[in-house]
Amino acid sequence: MRPRLVVIGAGMASGRALEHLFDAAPDAYDVTLFGSEPRGNYNRIMLSPVLSGEKTYEEIVTHDAEWYTEHGVTCRFGETVTRIDRDRKIVVTAKGETSYDKLIVATGSAPFIIPVPGKDLPGVMAYRDLDDVHKMLDAAEKPNPKAVVIGGGLLGLEAAAGLQMRGMKVTVLHLMGHLMERQLDPAAGYLLRKELEGRGIRVHCEAATKAILGEEKVEAVLLEDGTVYDADIVVMAAGIRPETRIATDAELEVERGIVVNDQMVTSDPDILAFGECVQHEGIVYGLVAPLYEMAKVAAKTLQGEDAAYRGSQTSTKLKVTGVDLFSAGDFADGDDRDEIVFRDPSRGVYKRLVLKENRLIGAVMYGDTQDGSWFFGLQKDGTDVAEMRDTLIFGPAFQGGASVDPMAAVAALPDEAEICGCNGVCKGQIVQAIQDGATDLGAMRAVTKASGSCGTCTGLVEQVLAVTLGDDFVLPTAQPVCGCTDLTHEDVRRLIKSQELKSMPAVMQELDWKTSCGCHVCRPALNFYLLADWPAEYRDDPQSRFVNERNHANIQKDGTYSVVPRMWGGLTNPRELRAIADAADKYNVPTVKVTGGQRIDLLGVKKEDLPRMWADLNAAGLVSGHAYSKGLRTVKTCVGKEHCRFGTQDSTGLGVKLEKRLWGSWTPHKVKLAVSGCPRNCAEATCKDVGIVCVDSGYEVSVGGAAGMDLKETEALAKVTSEQEAIDVTVAFVQLFRENAKYLDRPYKWLAKVGLDWVKARVVDDLAERQMLIERFDLSQSIYQKDPWAERANADAQHAMAPLANLTLEAAE
Amino acid sequence: MNWVDIGALDDIPQRGARVVKTAMGCVAVFRTRDDQVFATSDRCPHKGGPLSEGIVHGHKVTCPLHNWVFSLETGEAEGADEGQISTYSARVQDGRVYLDATELMKRSAA
Ligand SMILES: Cc1cc2nc3c(=O)[nH]c(=O)nc-3n(C[C@H](O)[C@H](O)[C@H](O)COP(=O)(O)OP(=O)(O)OC[C@H]3O[C@@H](n4cnc5c(N)ncnc54)[C@H](O)[C@@H]3O)c2cc1C
Ligand code: SF4
Ligand code: FES
């Protein structure tokens, strides 16, 4: 039997240690993992982007259920270990006892709650885990919500920025004279404060909290100086302390943290501890980089190998979008110290280096932090900088008369230079990984973890890739929308929502577009995202639409257009057919064709004729078929039970209802539906974006089919009993697709990314969510469901579509 | 130079275009976001796409048929594509757009 390893705490440190252990010795232990949180390991440091809406929880999960299964880990999530019995070698939880041969304590930290009256009122929360984030997000949903954040350090400011991006009115209370005083000097603290205030966050320094006021829940915060700030929630981010309670009870040696040696072993040789809960050489750490180093050592110790942890130096970055801030080391004033300061007020840049005996001992940078890791490297190595003092502050690019090309600077970095602070990855390791075949960012993250945590070093990692690979370097897998931005579609969508950007200039301004008015790639995408997210506020921009959507007809290769009237569910009648035939005659339509979606296509119409043709077709009651749109195209149907001997339901009728509900909705890509009356499936419903097959007991709704460049069968979404439910599920699905997919992804591509289960949870299982999706869809339809032909079948449009001038006469003179 | 008034600036949508018919085919008259006006041939050298129907961005237009991008200033295709569209003098005065008829006639003579 394998020795039993029990782990207490499913956090960042233990997650990393297990990875190392399984990599080297997959079968060494039988592992049981306890965690108080009802979920597995995620990247805790990315909670701030989740709070601000720049990432989703799914994106920050580091170990999913599959990973635990694959490695045979017995997961006991949601179960807190209350006691360690060292004599019997067992741990105790509410559910019973579990025995171990080796034990890991990786319980992290507990937030420090300042002991003021009112601290236990509902609405007072810490900022530590996903549940805290959810509580904050709930509070942000209320009308006119207000938050007070106590603590102007790293955590408090990330919480403040996130809450503000979620639309809350935020006040930060900070006991000291300037923000982040442990990492920043007053000058940088001032710049940071100015930036935050510019965003509408109120900052009160030298604020001593006296009490939290409220009857049943938090209502306000009272300061010693008498100031009162209203608050719906109070976030305590005033510090953390190592979570050592069970270790103390078990009589392990504990000072500020659980005392461990260089091998990460506690005073009991069978118990290891590492992470934020420990103290090593008198020091307690609160950042991930040291924990990851500890995890590496602990994994070795568990395999019976020699390894030693020798302490870490740490550097800090604030993860608030648009704030560039870096600090490392010691930057207090002192007689034995020199300093070099650089200020560029117009760019908002401030840099300060602190030297002692010609060696760098501290650095603070604000506004331009590109060279941070280079300075940090000099500091860690204790490099003598006497030679480069004059140009030191300008960074590596200016050393040795080298060019200012950042690539050259990266090329010049020594192998030991640290690139990724979180994971302690140096340049040499990255170069080695590249030589071993990791040629893109994804592979690099998989092999070395570089840039996989907080992500601020992504640019540097890419530069090392580019320098090492030269022309072979392929861009990272997450492609930016286009050359006008470095952001991906997903980033842009999230930022539009979280920052409430409601116009194209606002998006381009706030998200730092590199061009004045975008390009043919980003503009149609932005136009869609804005109208999908803010139907009531945004005004559609025809100039950002592809020619077909601007001219409400399909452009053909010779510059003529094709016109497709809508025939609901594929139904028509003699009167409509006559009107179509008349229009074909009148406008000399050379080709009349029935499309794959059961509609009639009139091909070869001249642009100038379009407005009059629309008017004629409108007069007969026909509206545009949107056969040209990134929107709902057609709902194909079979004849169903009205006529067919096999039909189980009225498939044609359902098709008509669906088309009437969905027409005119703009979507990330075209959307096609079909409804068949029985499993014989004459309408070919199982290769559409949404296909419904009627059966005796009801309706089978399936999604994500394709019959274009890719061939794909739909996957079952739901089986429902009533027609109304079939319509509801379909509408909710279309809206979820509209709200989340990347522009120009068909539903099947989007589904491959988010997973059918995620969609089911929202559209099928969660009835409230389904209802809200439907409401948002209907709101959008109340504005966008209109016939473009009717709107443009007038003299103005005729004028606009005709030539501006005719110079044939003049030119001929 | 023989400037002829071809219409009001406001008749051309910002970041859009209108065409002017000449004896030798259409000229596309573009209005950029900064309200500058450019005139070019309306035919894409690739497969004849109507450039006036393209998306206008900066001082460039993207052909609606296969996304070739042309500079409105020089007429040159950008990026990997090779090709050139003719450009013509255009100017705006008091909200009216003028093209040089002499130049356009040369076009028909050529
Ligand atoms: C919002 C936020 C932002 C941060 N940003 C950064 C950053 O940008 N850079 C950086 O370097 N660091 C950052 N940190 C700090 C970083 O997250 C921590 O250093 C790191 O997570 C500590 O890892 P750990 O494994 O020691 O503890 P944790 O990741 O906290 O894991 C400990 C786990 O143990 C569980 N646990 C505790 N007691 C028990 C018990 N008795 N039984 C069962 N389970 C138990 C806890 O529920 C917890 O899930 C941030 C922290 C937060 C909260
Ligand atoms: S799908 Fe079934 S109901 Fe519809 S036409 Fe075919 S056989 Fe008849
Ligand atoms: S016709 Fe213009 S790009 Fe092909």
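# Chatting through a predicted model

Trainee: Where is Gly35(A) found?

Mentor: Gly35(A) sits in strand β2 of chain A, which covers residues 30-35. Keep in mind as we go that this is a predicted model.

Trainee: Thanks! Is Gly35(A) buried or exposed?

Mentor: Gly35(A) counts as buried, because its relative accessibility is 4% and the cut-off for buried is under 20%.

Trainee: And what is Gly35(A) in contact with, leaving aside its neighbours within four places in sequence?

Mentor: With those neighbours set aside, Gly35(A) touches Ala10(A), Arg76(A), Phe77(A), Gly78(A) and Glu79(A). There is also Gly9(A) to look at: Gly35(A) and Gly9(A) are 26 residues apart in sequence, yet their C-alpha atoms are 4.6 Å apart in space.

Trainee: New topic, salt bridges. How many are there over all chains?

Mentor: The count comes to 53 salt bridges over all chains. As background, side chains of opposite charge can pair when their charged atoms come close.

Trainee: Can we look at one? Which residue does Asp336(A) form a salt bridge with?

Mentor: Its partner is Lys356(A), and the closest N and O atoms of the two are 3.5 Å apart. Asp336(A) lies in the loop between β22 (325-329) and β23 (338-344) of chain A, while Lys356(A) is in strand β24 (residues 349-356) of that chain, so the pair ties together parts that are 20 residues apart in sequence.

Trainee: How accessible are those two, starting with Asp336(A)?

Mentor: Asp336(A) counts as partly exposed, at 43% relative accessibility. Lys356(A) is also partly exposed, with 29%.

Trainee: What about Glu500(A), which residue does that one form a salt bridge with?

Mentor: Glu500(A) pairs with Lys502(A), with the closest N and O atoms 3.9 Å apart. Glu500(A) has a relative accessibility of 44% and counts as partly exposed. Lys502(A), at 26%, is partly exposed too.

Trainee: Which chains does the pair of Lys607(A) and Glu53(B) cross between?

Mentor: That pair goes from chain A to chain B. Lys607(A) is in the loop between β31 (600-605) and α20 (610-619) of chain A, and Glu53(B) is in the loop between β4 (37-41) and β5 (55-57) of chain B. Their closest N and O atoms are 2.5 Å apart.

Trainee: Is Glu53(B) buried or exposed?

Mentor: Glu53(B) is buried, with a relative accessible area of 5%.

Trainee: Which residues do salt bridges that share partners join into one network?

Mentor: Shared partners link Glu37(A), Arg39(A), Arg44(A) and Asp131(A) into one network.

Trainee: While we're on chain B, how many helices and strands are there?

Mentor: Chain B has one helix and ten strands. From the N terminus on, the order is β-β-β-β-β-β-β-β-β-β-α. Chain B has 110 residues, and 52% of them count as buried.

Trainee: Let's switch to cavities. How many of 30 Å³ or more does the search find?

Mentor: The search of the whole structure gives four cavities of 30 Å³ or more. The largest cavity holds about 70 Å³ of space.

Trainee: Which element gives the most to the lining of the largest cavity?

Mentor: Helix α17 (residues 522-533) of chain A does, with four residues. The lining residues include Pro524(A), Phe528(A), Arg545(A), Trp666(A) and Tyr743(A). Sorted by class, the lining has five nonpolar, three polar and three charged residues.

Trainee: And which domains does that lining of the largest cavity draw at least three residues from?

Mentor: Domain 3 (489-544) and domain 4 (631-786) of chain A each give at least three residues.

Trainee: What volume does the second largest cavity have?

Mentor: The second largest cavity has a volume of about 50 Å³. Among the residues that line it are Ser48(A), Glu54(A), Met165(A) and Lys319(A). α6(A) gives the most, with four residues.

Trainee: How does the lining of the second largest cavity split by class?

Mentor: There are four nonpolar, four polar and three charged residues in that lining. It draws at least three residues from each of domain 1 (4-109 + 242-302) and domain 2 (113-238) of chain A.

Technical notes
Residues numbered from 1 in each chain as written. Chains lettered and ligands numbered in written order. Predicted model: local features only at pLDDT ≥ 70, side-chain atom pairs only at ≥ 80, totals over all residues. Heavy atoms only, no water. Salt bridge = Lys/Arg side-chain N within 4 Å of Asp/Glu carboxyl O. Helix = DSSP H or I, 4+ residues; strand = E, 2+ residues; numbered from the N terminus. Buried < 20%, exposed > 50% of the residue type's maximum accessible area, 1.4 Å probe, protein only. 1 Å grid on protein atoms, 1.4 Å probe; cavity = no way out; pocket = protein on both sides within 12 Å on 5 of 7 lines; lining within 4 Å. Points joined across faces, edges and corners; volume = space filled by probe spheres on them. Nonpolar A, V, L, I, M, F, W, Y, C, P; charged D, E, K, R; others polar. Domains from an automatic or database assignment. Contact = heavy atoms within 4.5 Å.
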